[in-house]
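Here's a quick walk through a two-chain model, meant to be read with the viewer open. Grab the structure and follow along.

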Amino acid sequence: MSALLLTTAALIAQLALFAAMVLATIRMLRGPRAQDRVLALDTLYVNSMLFLVTLGIGTGSVFFFEAALVIAMLGFVATVALAKFLMRGEVIE
Amino acid sequence: MNHLAEVPVWAAVPAAVLLLVGAGLTLIGSFGMLRLSSFYDRIHAPTLGTSWGTAGVVMASMIVFSALGSRPVLHELLLGVFVTLTTPVTLMLLGRAALYRDRTEGNPDVPAMLSLDGSEAGTGDGRGSRGNGV
């Protein structure tokens, strides 16, 4: 009962998050400007982090959590650096 | 899927609901980011995924792993707190950068800089006047 419920919910959630990643990728490729692409990349980071957490629920492995944490931190640093670059033309002044 | 059969039903039902709500909100947010017309509209849409999308998925993960183990598993909270704290910072920086770029190009769709006496000061760089610098 609970196995069927959780497996189905995890599968549907994985499909929804994969679709969200595809939509973010479409926006990143379409643009039209640099800040749109950076925003789409940030969304893609968050979506892939949630996808990994959902994958961890589905498989029962705790290792996906650490990968999700690393992706969250990389996404924050990458987006801040890209926004700084868009603002000033330099990342480290 | 052997491990999920050990989760009791009272934990499986809220976990499944939270998982579906979180993933669904994230999908709606990404769809909005694809669909909305201007950048300043678009920057609002992914926050669905970073607020309740992340909260739902993280709470579902906490419920499932707490029900599987004998003690509460709380390290997913780290993920939720981290995303909640960093999203406003990144989006403020990105919005500021976009506004600066639009003002530098003289884009008429964005409001111009106001100087201290209230008159338009042309295309400022977002620093100095009215204390709205970074």
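## Starting from one alanine

Leaving aside residues up to four places away in sequence, Ala15(B) touches Leu6(A), Ala60(B), Ile63(B) and Val64(B). Keep in mind that this is a predicted model. Ala15(B) sits in helix α1 of chain B.

For a sense of scale, take His75(B): it is 60 residues from Ala15(B) in sequence, and the two C-alpha atoms are 17 Å apart in space.

## Chain A at a glance

Chain A has three helices and zero strands, running α-α-α from the N terminus. The radius of gyration of chain A is 16 Å, while the globule rule gives 12 Å for 93 residues, so chain A is more spread out than a compact globule. Along its principal axes, the C-alpha trace of chain A spans about 55 × 25 × 10 Å.

Of the 93 residues in chain A, 46% count as buried. Take the contacts in chain A between residues at least 6 apart in sequence: 48% of them join residues at least 24 apart.

## Chain B at a glance

Chain B has four helices and zero strands, in the pattern α-α-α-α along the sequence. Buried residues make up 37% of its 134 residues. For chain B, 47% of the contacts between residues at least 6 apart in sequence join residues at least 24 apart.

## Where the chains meet

How many residues of chain B are in contact with chain A? There are 50 of them, and they contact 45 residues of chain A. On the chain B side, the elements giving two or more residues are α1 (9-35), α2 (39-42), α3 (47-68) and α4 (76-104). The most comes from α1(B), with 15 residues. By type, the side of chain B that touches chain A divides into 34 nonpolar, twelve polar and four charged residues.

## The nonpolar core

The largest nonpolar core has 62 residues, and Val53(A) and Leu19(B) touch the most other members. Which elements give two or more residues to this core? They are α1 (2-30), α2 (34-59) and α3 (63-88) of chain A, along with α1, α3 and α4 of chain B. The most comes from α2(A), with twelve residues. As background, nonpolar side chains tend to be buried together in soluble globular proteins.

Leu19(B) has contacts in both chains. Not counting residues up to four places away in sequence, Leu19(B) touches Ala9(A), Ala10(A), Ala13(A), Thr54(A) and Ile57(A) in chain A, plus Gly56(B), Val57(B) and Ala60(B) in chain B. Ala60(B) also turns up among the residues that Ala15(B) touches.

## Helix by helix

Start with α2(A). At 1.5 Å a residue, its 26 residues should span 38 Å, and the end C-alpha atoms are 37 Å apart, which agrees. Of those 26 residues, 21 are buried, so α2(A) is largely enclosed by the rest of the structure. Just after α2(A), Gly60(A) takes a positive phi of about 75°.

Next, α3(B) has 22 residues and reaches 31 Å from first C-alpha to last, close to the 32 Å expected. The helix has a kink of about 35°, centred on Gly53(B). Mostly covered, α3(B) has 16 of its 22 residues buried. As for α4(B), its 29 residues should span 42 Å at 1.5 Å a residue, and the end C-alpha atoms are 42 Å apart, which agrees. α4(B) bends by about 25° at Thr86(B), with a proline, Pro88(B), following within four residues. After α4(B) comes Gly106(B), whose phi is positive, near 70°.

## An exposed valine

To finish, look at Val77(A), in helix α3 of chain A. Is Val77(A) buried or exposed? The cut-off for exposed is 12 or fewer other C-beta atoms within 10 Å, and Val77(A) has 12, so it is exposed. Val77(A) and Ile12(A) are 65 residues apart in sequence, and their C-alpha atoms are 30 Å apart in space.

How values were computed:
Residues numbered from 1 in each chain as written. Chains lettered and ligands numbered in written order. Predicted model: local features only at pLDDT ≥ 70, side-chain atom pairs only at ≥ 80, totals over all residues. Rg over C-alpha atoms; globule rule 2.2 N^0.38 Å. Buried ≥ 20, exposed ≤ 12 C-beta atoms within 10 Å, placed from the backbone. Contact = placed C-beta atoms within 7 Å. Nonpolar A, V, L, I, M, F, W, Y, C, P; charged D, E, K, R; others polar. Core = buried A, V, L, I, M, F, W, Y, C linked by C-beta atoms within 7 Å. Expected span 1.5 Å × (residues − 1). Bend = angle between axes of the 7 residues up to and from the residue.
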